[in-house]
Amino acid sequence: MGLTLVSIFIVSSFSAVLAAILVIAERVIANYGECTITINKDKHITLKGGCSLLEALTSEKIFIPSACGGKGTCGYCKVTVNEGAGQLLPTEEPYLSPEERKNNVRLSCQVKVRNDMDISIPEELLSVREYSCELVDIKDLTYDIKQFRMKLIEPADMSFIPGQYLQLFTPKYDGNTEEVYRAYSISSDPKDKGYAETIIRLVPGGICTTYYFQYMKKGNKVKLNGPYGEFRMSNTNAKMICIAGGSGMAPIKCILHHMKNTGSTREAVYYFGGNTEKDLFLLDEMKQFEKDLANFSFVPVVAKPEQGWNGEKGLVTEAVLRNEKDLSKAEAYLCGSPGMIDASIVVLKNLGMPEANIFYDKFS
Ligand code: FES
């Protein structure tokens with residue numbers, strides 16, 4: 001037994017050292033020369049090969065979503081590589097569906113630029129920018145949720161679609177040895193173009209949330225890029241059922257600002273769930289939206305209410321079931337934990353809502 005363990009240890013160590021040598025050797029020795037990447041058939045960038053496709057695009061100020069800093073662990077950095085990507089790597093497989101593999105979708109942080117490539121990316125990613133900002137306000141919303149307001153310095157304004165998100169940069173700091181970006185939905189009023197606000201829940205041990213909660217102060221510089229994301233309000237006039245919890249408030253709040261700005265009279269009901277009353281926030285702002293929007297109502301729901309709570313009790317999905325009947329013509333906008341979203345989808349479908357009318361943003 002002891003001998004087996006020692007053998008396994010020796011073989012594993014040898015493999016790890018060999019892999020490290022190969023990576024270093026490739027960096028130092030391999031010379032791929034100049035490579036040209038053709039983007040969407042009409043844009044060409046030429047650079048020295050050897051870096052990842054994600055690094056190549058970032059160096060040209062083309063920002064692809066990437067929450068793990070290129071480690072191959074978030075699955076966000078998908079790009080269609082029509083030519084020149086080489087074999088699919090085992091590190092990519094868990095993040096790509098059979099359909100995506102068939103369509104040459106790859107993780108750009110795992111694909112190395114070794115030769116000329118032909119890639120396709122959504123046009124809207126070409127308008128994503130990196131912003132330098134100043135943190136001008138931090139507001140405590142609950143015991144573990146804060147709202148951060150950034151003034152955009154360079155560029156000085158941002159246009160985004162309500163529901164989209166941005167990526168906040170976190171540098172190395174005491175106890176953190178890596179630089180990362182993390183995705184957060186924009187919560188601010190879209191007409192407030194010189195600022196970006198987001199709502200962040202503290203994740204114990206989370207690199208980015210720890211940094212923003214413990215180290216960031218008013219006046220500090222912030223780097224972010226964006227906007228990203230497909231989650232957005234449709235152009236129909238269908239009744240909207242919004243369901244959110246925690247920092248899932250952010251994109252819904254942004255959509256409500258947009259509805260107010262455009263004088264929307266769409267019927268909308270917003271179910272916002274918390275475990276206790278301490279998990280609810282922005283209640284005054286929601287009351288104001290009820291006054292400003294002709295057909296909007298806000299329904300706070302508390303799972304474990306204390307005595308004196310007169311609002312909806314239980315899970316947010318139970319409140320939807322109690323209050324809604326036929327939702328076959330309605331649409332839903334869901335933001336929050338994967339568990340809450342999956343449970344909401346089941347309830348909404350049981351109330352007749354077609355799956356195609358359910359839009360969601362899972363905060364994992
Ligand atoms: S950047 Fe996270 S998987 Fe590529």
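Trainee: What area is buried between domain 1 and domain 2?
Mentor: About 920 Å². Carbon and sulfur atoms give 47% of that area. Keep in mind that this is a predicted model.

Trainee: Where do the domains run in the chain?
Mentor: The domain assignment puts domain 1 at 32-125, domain 2 at 128-228 and domain 3 at 240-362.

Trainee: How many residues of domain 1 and domain 2 are in contact?
Mentor: Twelve residues of domain 1 are in contact with 14 residues of domain 2. The centres of domain 1 and domain 2, taken over C-alpha atoms, are separated by 26 Å.

Trainee: How many salt bridges are there between domain 1 and domain 2?
Mentor: The count is one salt bridge.

Trainee: Which residue does K71 form a salt bridge with?
Mentor: With E178. Their closest N and O atoms are 2.5 Å apart.

Trainee: Is T170 buried or exposed?
Mentor: T170 counts as buried because its relative accessibility is 0%, and the cut-off for buried is under 20%. T170 is found in strand β8.

Trainee: Which residues of α4 are buried?
Mentor: I207, C208, T209, T210, Y211, Y212 and F213. That is seven of the nine residues of helix α4 (residues 207-215), so the helix is largely enclosed by the rest of the structure.

Trainee: What do they pack against?
Mentor: Strands β7 (145-154), β8 (165-170), β9 (180-185), β10 (195-201) and β11 (221-228).

Trainee: New topic. In what order do the strands of the six-stranded open sheet come?
Mentor: β15-β14-β13-β12-β16-β17, and the pairing is parallel.

Trainee: Why is one side of β15 and of β17 left without a neighbour in the sheet?
Mentor: β15 (312-313) and β17 (358-362) stand at the edges and each has a single partner strand, so one side of each has no neighbour in the sheet.

Trainee: How many bridges pair β12 and β13?
Mentor: Six, between β12 (residues 240-245) and β13 (residues 268-274). The bridge partner of I241 in β13 is V269.

Trainee: And which strands does helix α5 lie across?
Mentor: Helix α5 (residues 249-261) lies across β12, β13, β14 (296-302) and β16 (331-336), running at about 145 degrees to β12. Helix α7 (residues 316-323) packs on the sheet too, touching β12, β13, β14 and β15. The direction of α7 makes about 145 degrees with that of β13.

Note on methods: Residues are numbered from 1 along each chain as its sequence is written. This is a predicted model: local features need pLDDT of at least 70, side-chain atom pairs count only at pLDDT 80 or more; totals for chains, interfaces and linings use all residues. Side-chain values use heavy atoms; hydrogens and water are left out. Buried means under 20% relative accessible area, exposed over 50%, partly exposed in between (1.4 Å probe, protein chains only). Helices (H or I, at least four residues) and strands (E, at least two) are DSSP runs, numbered from the N terminus. Contact means heavy atoms within 4.5 Å. Two strands pair if DSSP finds at least two bridges between them. Axes are lines fitted to C-alpha atoms, for helices over the stretch in contact, and angles run from 0 to 180 degrees between N-to-C directions. Domain bounds come from an automatic or database domain assignment. Buried area is the accessible area (1.4 Å probe) that two parts lose on being put together, summed over both. A salt bridge is a side-chain nitrogen of Lys or Arg within 4 Å of a carboxyl oxygen of Asp or Glu.
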